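Please open the model in a viewer and keep the selection tool at hand.

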Amino acid sequence: MAQLADRVRDFLTTETGSVGLLLAAVVVALVWANSPWSDAYTSLWATEASFSLGSATLSMDLGHWVSDGLMALFFFVIGLEVRYEISVGVLTDRRRAVIPALAGIGGMLVPALLYLAVAPGGEAARGWGVVIGTDTAFMLGALTLVGPRFVTQLRVFLLAITVVDDIVAVAVIGLVYSGALHLPSLLLTIALCVVLAGLTRLGLWHTAPYVLVVLALWLAALEAGLHASIAGMLGGLLIPAHTPARQVVERAARLFRAFRQSPSPDVGLAARRGLKRAVSVNERLQTVLHPWASYVVVPLFALANAGIDLRGGVLADALSSSVTWAVVIGLVVGKFLGLGGGALLGARLGLGKLPQGVGPGQVLGGGVLSGIGFTVSLLIAGLAFTHPVLRAQATVGVLLAAVLATVLGWLTFRLAAVLGGETDADLPRTLDRPVDPATDHLAGSPNAPLTLVEYGDYQCPFCAHATGVAQELKQRFGDRLRYVFRHLPLPDVHEHAELAARAAVAADAQGRFWQMHDLLFTHQDQLEFDDIVGYAARIGLDVEKFLRDLDEEHTAARVRADAASAEASGARGVPTFFIGNRRHTGPHDAATLARELEASDPHGHPA
């Protein structure tokens with residue numbers, strides 16, 4: 001029983017798990033809507049539910065509670081993810097955002113134009129918005145099932161594209177498919193957005209004020225006549241995301257140690273507050289809400305909207321309808337041409353580069369899978385069409401497009417592997433330049449059985465030396481561990497990192513690398529030129545020789561060689577660790593790295 005529970009838990013923590021629940025909900029909805037109990041399905045979602053507080057009442061049927069209530073939560077989570085990617089994720093570097101932006105725009109324009117070219121006029125033409133969206137969760141789940149073995153880089157690339165996709169899709173819902181606007185409520189909605197932005201400017205770290213303002217924003221948007229997805233997306237976009245500040249993390253660590261020493265309620269409460277404060281409100285909300293959005297909201301939405309009664313010739317009519325095929329062609333062909341072609345054309349014109357490890361065939365495969373519109377497409381179909389027949393035809397098109405996109409995606413990835421040799425879509429996972437005791441900065445025995453390589457930056461607050469991880473591992477493993485430090489300065493975010501790296505190399509020329517290494521990490525906030533000269537004198541270097549070596553080309557070349565090795569080995573940030581010659585992914589605390597090192601020991605000696 002315990003093993004079964006573990007398997008279920010593992011399944012639910014994967015993207016394929018959320019897709020599995022979504023597909024199950026679709027099957028249940030279709031079977032129920034085409035069964036002798038179909039009236040119960042229809043009457044369930046037409047059931048009124050209301051909340052009252054004094055004279056104020058909010059009443060909707062269950063179908064609208066799902067579409068206008070729960071889906072607001074879904075888009076709120078999307079807004080949080082978009083804000084995170086813009087603030088600290090893949091879109092922080094504007095140069096890396098060009099190709100995803102082009103792909104995202106092409107992945108909406110081409111599908112919409114193809115839909116309008118195929119669909120008849122009249123009310124059917126209003127459905128062009130059905131084909132502009134992508135169901136991110138469904139697409140990533142399908143990528144896991146039919147894509148290459150390793151898909152990390154392709155996954156990140158597709159996520160960056162869906163940022164553009166999601167923003168435009170919600171804007172279309174708000175501008176094209178919302179009802180008549182109520183001006184006072186609209187002004188209140190704008191005012192609440194200003195309040196939410198003000199909370200960000202004030203630096204509030206408690207979650208409750210943000211949640212209360214977003215809830216009020218949702219109510220105001222409903223009263224204003226806007227679709228609830230607008231409130232959700234705006235709310236998420238206005239909640240800040242940031243990397244943890246070193247001093248805040250250190251304070252949280254001190255509070256946690258104090259609780260270990262004195263486990264009293266007041267000290268425990270202070271430790272809990274300290275840990276929360278170290279993580280941005282955005283990430284805390286994502287952690288709590290993401291499982292609910294993936295495993296509850298989206299399956300419930302599918303259950304409420306995928307149940308089409310296909311009896312009485314409805315399916316045959318849908319398969320012969322130009323609306324159905326306009327949706328299929330728009331999603332499957334349009335996304336393939338617009339998204340895949342937009343990315344490849346942008347790269348060909350030199351406007352940007354495809355991610356390392358991702359080939360053209362894999363981009364096209366991702367473009368095909370982006371034709372899985374599902375959640376967003378069904379939502380827009382319900383808003384665009386008032387005629388039940390057109391809505392049913394569009395829904396059949398969305399379901400058919402999801403099946404075809406998955407099958408054609410699998411075929412595209414297979415062809416890319418066979419014809420183009422594109423077997424993986426990930427960064428390199430092995431150390432490009434083997435450890436060389438003669439040239440590498442190495443601590444420990446050169447012949448030690450365990451090797452830990454770190455690519456670091458002297459202004460990185462979470463590199464191994466700065467956090468004490470390296471010292472802890474050295475104490476634990478002793479002579480069994482050799483620790484190698486390689487330079488990966490990130491001058492775009494750490495202005496003195498390049499100078500500090502050259503200073504360490506210059507100190508190495510006089511046999512004082514580790515002494516300089518320790519001082520640079522100890523004084524991360526004091527790495528100006530004069531500071532570094534002072535450190536050279538403090539550790540007994542010949543300062544004149546140090547200054548000459550600091551400016552020598554071979555010193556800069558050594559730093560560049562380490563950085564090139566990092567690039568070729570798949571290291572994109574600091575710290576990046578290699579256990580032996582294998583890149584480590586996941587947490588890099590001392591306990592996790594120690595377990596990985598033990599697992600790599602060919603002799604299996606206990607620590």
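Which residues form one aromatic cluster with Trp32? Select Trp32, Tyr41 and Trp45: together they make up that cluster. The model being toured is predicted.

**The whole chain**

Next, display the entire protein as a cartoon. It contains 26 helices and seven strands. Its radius of gyration is 28 Å, close to the 25 Å that the globule rule gives for 607 residues, so the protein is as compact as a globular protein of that length. Along the principal axes, the C-alpha trace spans about 90 × 65 × 50 Å. Of the 607 residues, 48% are buried. Among contacts with a separation of 6 or more, 79% are between residues 24 or more positions apart.

**The largest nonpolar core**

In soluble globular proteins, nonpolar side chains tend to be buried together. Select Phe75, Ile239 and Phe374: within the largest nonpolar core, which has 109 residues, these three touch the most other members. A second, separate core of 49 residues includes Tyr458, Val484, Phe521 and Ala571.

Return to Phe75 and show its surroundings. Beyond its neighbours within four places in sequence, Phe75 is in contact with Val170, Ile173, Ser229, Gly232, Met233, Val376 and Leu379.

Then select Phe374, which lies in helix α17 (residues 374-384). Is Phe374 buried or exposed? Its relative accessibility is 2%, so Phe374 counts as buried. The phi angle of Phe374 is near 30°, a positive value in a residue other than glycine.

**Aromatic rings**

How many aromatic pairs does the structure hold? There are twelve. One of them joins Phe74 and Phe75 in an edge-to-face arrangement, with 5.2 Å centre to centre and 80° between the planes. Both partners may be coloured by accessibility: Phe74 is buried at a relative accessible area of 11%, and Phe75 is buried at 1%.

Move on to Trp514. Lys474 lies over the face of this ring, at 5.2 Å from the ring centre.

**A cis peptide bond**

For the last stop, select Val574 and Pro575. The peptide bond joining Val574 and Pro575 is cis, with omega at about -5°. Where is Pro575 found? Pro575 sits in the loop between α25 (553-569) and β6 (576-579).

Conventions: Residues are numbered from 1 along each chain as its sequence is written. This is a predicted model: local features need pLDDT of at least 70, side-chain atom pairs count only at pLDDT 80 or more; totals for chains, interfaces and linings use all residues. Side-chain values use heavy atoms; hydrogens and water are left out. A nonpolar core is a set of buried Ala, Val, Leu, Ile, Met, Phe, Trp, Tyr and Cys residues joined through side-chain atoms within 4.5 Å. Buried means under 20% relative accessible area, exposed over 50%, partly exposed in between (1.4 Å probe, protein chains only). Contact means heavy atoms within 4.5 Å. Rings of Phe, Tyr and Trp (its six-membered ring) pair if their centres lie within 6.5 Å; planes under 30 degrees apart count as stacked, over 60 as edge-to-face and the rest as tilted. A charge sits over a ring if NZ of Lys or CZ of Arg is within 6 Å of the ring centre and within 35 degrees of the ring normal. Helices (H or I, at least four residues) and strands (E, at least two) are DSSP runs, numbered from the N terminus. The radius of gyration is taken over C-alpha atoms; the globule rule is 2.2 Å times the number of residues to the power 0.38.
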